[in-house]
Amino acid sequence: MTSQVQVLTSRWQDGQAHQLDRYQELDGYASLEVAFAESPADLVQIVKDSGLRGRGGAGFPTGMKWGFLAKGTGKPTYLVVNADESEPGTFKDMELLERDPHALVEGVIVSAYAIGCSTAFIYLRGECGFAGRRLAAAIGDAYERGLLGRDIKGSGFDLEVVLHRGAGAYICGEETALLSSLEGERGQPKLRPPFPAVEGLYRAPTTVNNVETIASVPWILRKGVDWFRSMGSERSPGPKLFSVSGDVRNPGNFEFPLGVPAREVIMEAAGGMLEGKELKAWTPGGSSTPMLTADHLDVAMDFEGIQAAGSLLGTAAVIVMSTDVCIVRACLNFTEFYAHESCGKCTPCREGTDWMRKILTRLERGQGREEDLDTLQDICDGIFGRSFCALGDGATSPIVSGLKYFRDEFSQHVRDHGCPFQASPVVVGADH
Ligand code: SF4
């Protein structure tokens, strides 16, 4: 059995850790001393050696990403923190920012020092007012205490941090769209290459890293690479936040070493299924990752384990659905989101998500045809791998996995001329 750990969550129950004095009493900002005693290149090597992988979805090795930053360009190097958390089912970064905002500020300082950045940006999802207020206060307090600004703690290192609030577009979580939005342009993905590491923000070398990733860096500096690698697996080391929602008794964020069996996350930490309910399906990494079923409860929740089971770890957002949930309606719900959030730049995603939405609505209203199932699959095949960015691929995940595991439930909607589950006034009354 893998026990829960308290690393990133260690200050969450304190209740006062968002205040600078209390954060420092709890060893906050202790990693600055460790960092400033090392050369930036050595810090990058430490993060490489730790095996830390990005916690925002893709799981790319953080130290390697930093190592790709172009050098000697004569331009500044930028660190941009992606705090635009909006994947359905994911709420880990927001709780971290609400309860422990200095953890991110501390991570930004040591990460910026490592990559030679003197202006860092935090791109925050605009709707997250409380997290934004806590983070803005933390940044302000850090400036007042000399932890940001010029000559931080006498190190000679200068750092300005800019907090930027987005306007609530899911696509701005994609790094090139985020950078465009930060520059004041329309938030749409850009062709790569050039990669942001060479030409990112204002055409300067830029790394975009997730909140949880950056907040993990101070722990690695303070406690060491071996400590970090003592948790998780060889290729997916360290602790990880898991957001659990849906039909469970105790939804919330839980921290485990990567590789924890899904059963422990869902059935133990999250308290198991609500009374009288049975597990039907769950997403391992938010709505854009293929659903798994009750047969997958013993899968190891790390990048490799979930991939071997046919899905993706994504943001480790576990949405739990019971046998009372209509999979067609769940797919429609997710697809409504993707059709709305598609940025419209490429045809497969822009048109395909809307076609999928229309067909799923038809099925749910009892107006579906048996051939709709193959048409849905065809549309997904036309989007997956043929869209400009990962949003298109992600939009196909609920439907492809829904058809894979619950095809008969789709057919039943056709045979019964309607949804066999309790009526949904939202769908029945929707005018599409
Ligand atoms: Fe925009 Fe969708 Fe194409 Fe991505 S896949 S560029 S979100 S239209």
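## Reading the features

Reply: The buried residues of helix α5 are Lys92, Asp93, Met94, Glu95, Leu96 and Leu97. Keep in mind that this is a predicted model.

Me: Why is α5 said to be largely enclosed by the rest of the structure?

Reply: A residue counts as buried when its relative accessible area is under 20%. Helix α5 covers residues 92-99, and six of its eight residues are buried, so the helix is largely enclosed.

Me: Where is Phe60, and is Phe60 buried or partly exposed?

Reply: Phe60 is in the loop between α3 and α4. Leaving aside neighbours within four places in sequence, Phe60 is in contact with Leu52, Arg53, Gly54, Lys65 and Phe68. For a distance, take Phe60 and His164: they are 104 residues apart in sequence, and their C-alpha atoms are 24 Å apart in space.

Me: What about charged side chains, and how many salt bridges does the structure hold?

Reply: Side chains of opposite charge can pair when their charged atoms come close. The structure holds 28 salt bridges. One of them joins the side chains of Glu304 and Arg53, with 2.8 Å from N to O. This pair links distant parts of the chain, 251 residues apart: Glu304 is in helix α12 (residues 303-308), and Arg53 is in the loop between α3 (40-50) and α4 (62-67).

Me: Are Glu304 and Arg53 buried or partly exposed?

Reply: Glu304 has 22% relative accessibility and so counts as partly exposed. Arg53 has 15% and so counts as buried.

Me: What does Lys65 pair with?

Reply: Lys65 forms a salt bridge with Glu175, and their closest N and O atoms are 3.3 Å apart. Lys65 lies in helix α4 and Glu175 in helix α8 (residues 175-182), so the bridge ties together parts that are 110 residues apart in sequence. At 22% relative accessibility Lys65 counts as partly exposed, whereas Glu175, at 18%, is buried.

Me: Which residue does Lys277 form a salt bridge with?

Reply: The partner of Lys277 is Asp324, and the closest N and O atoms are 2.7 Å apart. This pair also links distant parts of the chain, 47 residues apart: Lys277 is in the loop between α11 (262-269) and β8 (279-283), and Asp324 is in the loop between β11 (317-322) and α13. Salt bridges can also share partners, and in this way Lys65, Glu174, Glu175 and Arg192 are joined into one network.

Me: Last, the ligand. Where does the ligand sit, and how many residues surround the ligand?

Reply: Look for the space that holds the ligand, then list what is around it. The ligand sits in the largest cavity. It is surrounded by 13 residues, of which the closest are Cys343, Lys345, Cys346, Cys349 and Cys389. By class, the shell has eight nonpolar, four polar and one charged residues.

Conventions
Residues numbered from 1 in each chain as written. Predicted model: local features only at pLDDT ≥ 70, side-chain atom pairs only at ≥ 80, totals over all residues. Heavy atoms only, no water. Near = heavy atom within 4 Å. 1 Å grid on protein atoms, 1.4 Å probe; cavity = no way out; pocket = protein on both sides within 12 Å on 5 of 7 lines; lining within 4 Å. Sits in = over half its atoms within 2 Å of the grid points. Nonpolar A, V, L, I, M, F, W, Y, C, P; charged D, E, K, R; others polar. Salt bridge = Lys/Arg side-chain N within 4 Å of Asp/Glu carboxyl O. Helix = DSSP H or I, 4+ residues; strand = E, 2+ residues; numbered from the N terminus. Buried < 20%, exposed > 50% of the residue type's maximum accessible area, 1.4 Å probe, protein only. Contact = heavy atoms within 4.5 Å.
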